[in-house]
Amino acid sequence: MTIKQLEYFMAVARSLSFTEAAAEMFISQPALSRSIASLETELGVPLLTRNHHSVALTPAGQLLASELPNLRKELERVTLLVRQTENGLMGHLNIGVLEGQQLDDSLQVTLKYFAQSLPLVEVSPVRLDEDELITGLEQGKLDLIFTLDHGLEGMKNVQFLTLDTVSYCMVVPPDHRLAGRPVSTLEDFRRDTFIFSGGKSSPENRFLLNCCAKADFVPQSKYVPDVRTKSLWIESGFGISIFNAENRACHSANARAIPLTDMPDSKLVLAWKTNTTNPSVRLFTHITECSL
């Protein structure tokens with residue numbers, strides 16, 4: 001059964017004339033008759049009664065003729081949805097945002113504009129640590145990630161858009177001996193206990209430990225599971241930690257953030273897989289780039 005067969009049948013049902021229906025559909029009358037006969041054979045029921053003078057609908061033909069307009073509307077609706085999905089105008093977008101990271105103006109503008117402009121795309125943002133973001137992107141669980149550029153250079157099939165550069169601060173308890181300093185260096189904290197979140201092999205921790213190595217010391221370290229716990233430990237006086245200046249921990253009323261003059265800046269980026277099959281990714285990255 002084809003859409004064209006159903007269209008031919010509806011033309012005959014409207015006019016009750018093979019001659020008029022053939023002219024309407026720009027097809028020869030014998031070809032129209034063969035198409036209707038094929039449809040009847042496939043359905044296993046007669047749809048029309050024919051003689052030399054007239055054409056009439058059988059009860060089955062009447063039922064089919066009454067239902068086909070609704071079927072056509074549904075088909076048009078489904079066709080529209082399929083095209084919207086293919087063009088990225090409908091679907092789902094899983095976005096990972098670095099845990100603790102404040103949303104800058106461009107990201108907020110992008111998220112709001114995308115939601116308003118493309119209401120049929122369901123956007124699901126989630127906060128995760130750097131390891132989880134990279135793993136989610138690699139495994140296809142996340143379509144886009146907002147993160148720092150640590151570890152992205154070596155990943156295959158990953159493209160990223162630089163949103164901003166971020167500097168670093170040492171976050172210390174309010175009563176720390178250096179809490180009143182306007183700026184400082186890593187060297188000044190070599191005897192402190194450094195608190196890291198995640199594992200030693202995470203891209204961010206490798207970056208931070210490498211910075212300490214360049215300052216010619218290996219910090220005494222403690223590891224906690226996540227950024228929130230790390231902030232809690234600092235506020236409780238259990239140690240200190242390095243955060244990028246856009247992290248919420250640098251703005252806590254229960255800690256002090258001291259800018260570090262010997263830490264290289266990092267890049268805040270939007271990253272995605274170049275071989276993604278989600279067309280909404282292309283639209284989101286384009287809107288983000290336009291908002292910068």
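**View 1. Glu 24 and its salt-bridge partner Arg 14.** At a relative accessibility of 37%, Glu 24 counts as partly exposed. The model shown in this and the following views is predicted. Glu 24 forms a salt bridge with Arg 14, and the closest N and O atoms of the two are 2.5 Å apart. This pair links distant parts of the chain, ten residues apart: Glu 24 belongs to helix α2 (residues 18–25), while Arg 14 belongs to helix α1. Arg 14, with 53% relative accessibility, counts as exposed. Across the structure, the count of salt bridges comes to seven.

**View 2. The salt bridge between Glu 99 and Arg 228.** The side chains of Glu 99 and Arg 228 meet in a salt bridge, with 3.7 Å from N to O. Glu 99 is buried, having a relative accessible area of 13%. Arg 228 is exposed, having a relative accessible area of 65%.

**View 3. The salt bridge between Glu 187 and Arg 190.** A distance of 2.7 Å, N to O, is found where the side chains of Glu 187 and Arg 190 meet in a salt bridge. Glu 187 has a relative accessible area of 35% and is partly exposed. Arg 190 is also partly exposed, at 28%.

**View 4. Ser 231 in helix α8.** Helix α8 covers residues 227–235 and contains Ser 231. The relative accessible area of Ser 231 is 17%, so this residue is buried. Leaving aside residues up to four places away in sequence, Ser 231 touches Phe 243 and Ala 249.

View 5. Helix α7 (residues 203–214) has twelve residues. From its first C-alpha to its last, α7 reaches 17 Å, close to the 16 Å expected at 1.5 Å a residue. The buried residues in α7 are Pro 203, Glu 204, Asn 205, Phe 207, Leu 208, Cys 211 and Cys 212. Asp 216 follows α7 and has a positive phi, near 70 degrees.

View 6. A disulfide is a covalent bond between the sulfur atoms of two cysteines. A search of the whole structure finds zero disulfides. The cysteine sulfur closest to that of Cys 211 is in Cys 212, and because the distance is 7.0 Å, the two are too far apart for a bond. Cys 212 is likewise in no disulfide, the nearest cysteine sulfur being that of Cys 211. Both residues lie under the surface by accessibility: Cys 211 counts as buried at 7%, and Cys 212 counts as buried at 0%.

**View 7. A nonpolar surface patch that includes Met 1.** Met 1, Leu 43 and Val 45 form this nonpolar patch on the surface. Together the three residues have about 240 Å² of accessible area. Met 1 is placed in the segment before α1 (3–15). With a relative accessible area of 49%, Met 1 is partly exposed.

How values were computed:
Residues numbered from 1 in each chain as written. Predicted model: local features only at pLDDT ≥ 70, side-chain atom pairs only at ≥ 80, totals over all residues. Heavy atoms only, no water. Helix = DSSP H or I, 4+ residues; strand = E, 2+ residues; numbered from the N terminus. Buried < 20%, exposed > 50% of the residue type's maximum accessible area, 1.4 Å probe, protein only. Contact = heavy atoms within 4.5 Å. Disulfide = S-S within 2.5 Å. Expected span 1.5 Å × (residues − 1). Patch = residues over 30% accessible without salt bridge, like charges linked within 9 Å, V, L, I, M, F, W, Y side chains within 5 Å. Areas by Shrake-Rupley, 256 points an atom, 1.4 Å probe, with all protein chains shown as cover. Salt bridge = Lys/Arg side-chain N within 4 Å of Asp/Glu carboxyl O.
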